[in-house]
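Please read them with the structure open.

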Amino acid sequence: MRVVVIGSSGFIGTNLVEYLNSRQLDVVACDIREPVKRFEGVNYHKVTGDEAEYYGNVIEAGDYVVLLRWKGVSVSAIKNQQELFRSNIVENVLLIDLCVKRKAGKIVFASSGGAVYGNKDVLPISEREDVRPISEYGVQKLMIEEYLGFISRTSGIPTLCLRIANPFGPYQPAFSGQGIIATFLASCLQGKSVEIWGDGNCLRDYLYVDDLCECVCRCLLEDIGEGVYNIGSGIGTSILQICEAISEVTGAELRRTMRAAYATQVKDNVLDSTKIKEQIGWECRISMAEGIARMCDCWNGRGFLK
């Protein structure tokens, strides 16, 4: 089976390419960026020019496509939204349409388990809850989810939208504006102070990236119903608890500066992943402490690289 990973040079993409390749799958890695690390046996493509035109020469009938490409983060400035809309909506729709034309075997989309739901009073959040995003990032993720649902109904191609919690692990860049554990751990290792937006008590759902890669791989290989799935640990962890976990693993104090919360910040978010467990038996296995320890093991002074 051939798996085309679109957006393969990012944090999740690099880990997923490595994971799928280690399972002897035929992996095609595509990105506009150079890969962080190349793995023997992987067919790499650096996308140039018009993306849809380029992928027309890459995607073949029967390919399983993992759509990771995305521009911007959940706190992207409003002034960038026109550019982000073109990239995240227009370009992704063109890519999805190309998958239909090429008769792809399955499409798996990396959605957001935090941004699409918005603020909820009851935790954990299941897929049955209303989606009420409070950021453009969440709105755009939801738009692609809806389009993929339409594609499933009209083309017969199975599509899965994985509402992923907050992954962390190797290859995650620190100080990039996304990935609080990587930034806080790197800050601690470098003796820097960190900024905490809000009171530090808001809860988030975190999962180690190897658990996520296992889930994506099983979604590709196993018989699973179409639709949306939460992918998380089901455990709520506060920012202050992350600081404590990092200090415990490293044996060093993590200095903090408190800042006011930003307007699009979701208050608390913990995912109910019962649905995916019932479908394929998947659940998180790696604890936060173990995951942070693994990140320390592959720290090279600049970032988390294996």
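1. The largest share of the lining of the largest cavity, 3 residues, is supplied by β3, and β2 and β3 each give at least two residues to that lining. A cavity is taken here as a set of points, on a 1 Å grid over the protein atoms alone, where a 1.4 Å probe fits but cannot get out, and lining residues have an atom within 4 Å of a point. Helices (H or I, at least four residues) and strands (E, at least two) are DSSP runs numbered from the N terminus.

2. This is a predicted model, in which local features need pLDDT of at least 70 and side-chain atom pairs count only at pLDDT 80 or more, while totals for chains, interfaces and linings use all residues. Residues are numbered from 1 along each chain as its sequence is written, and side-chain values use heavy atoms, with hydrogens and water left out.

3. The largest cavity has a volume of about 50 Å³, a volume being the space filled by probe spheres set on the grid points, which are joined across faces, edges and corners. Its lining consists of Ser8, Ser9, Ala29, Asp31, Arg33, Glu34, Pro35, Arg38, Tyr44, His45 and Lys46. By class, these residues divide into 3 nonpolar, 3 polar and 5 charged, where Ala, Val, Leu, Ile, Met, Phe, Trp, Tyr, Cys and Pro count as nonpolar, Asp, Glu, Lys and Arg as charged, and the others, Gly among them, as polar.

4. An open sheet is formed by 7 strands in the order β3-β2-β1-β4-β5-β6-β10, with parallel pairing; two strands pair if DSSP finds at least two bridges between them. The edge strands, each of which pairs on one side only, are β3 (43–46) and β10 (227–231). On average, and with direction ignored, neighbouring strands of this sheet are turned by 20° against each other; axes are lines fitted to C-alpha atoms, for helices over the stretch in contact, and angles run from 0 to 180 degrees between N-to-C directions.

5. Within this sheet, strand β1 (residues 2–6) runs parallel to strand β2 (residues 26–31), and 5 bridges join the two; valine 5 has alanine 29 in β2 as its bridge partner. Helix α3 (residues 81–101) packs on the sheet, where it touches β1, β4 (64–67) and β5 (106–112), and its direction makes about 175° with that of β4; contact here means heavy atoms within 4.5 Å.

6. A further open sheet, of 3 strands, has the order β7-β9-β11 and mixed pairing. Its edge strands are β7 (166–168) and β11 (236–238), each pairing on one side only, and its neighbouring strands are turned by 55° against each other on average, direction ignored. The parallel strands β7 and β9 are joined by 3 bridges, and phenylalanine 168 has tyrosine 208 in β9 as its bridge partner. Helix α6 (residues 209–221) packs on this sheet against β7 and β9, at about 70° to the direction of β9, whereas helix α9 (residues 288–297) touches β7, β9 and β11 and makes about 45° with the direction of β7.

7. The second largest pocket, a pocket being an open set of grid points with protein on both sides within 12 Å along at least five of seven lines, contains about 310 Å³ of space. Of the 21 residues that line this pocket, Gly232, Ser233, Gly234, Ile235 and Cys284 lie nearest its centre. The elements that contribute two or more residues to this lining are β9 (203–208) and α8 (274–280), and β9 gives the most, with 3 residues. The lining of the second largest pocket divides into 10 nonpolar, 7 polar and 4 charged residues.
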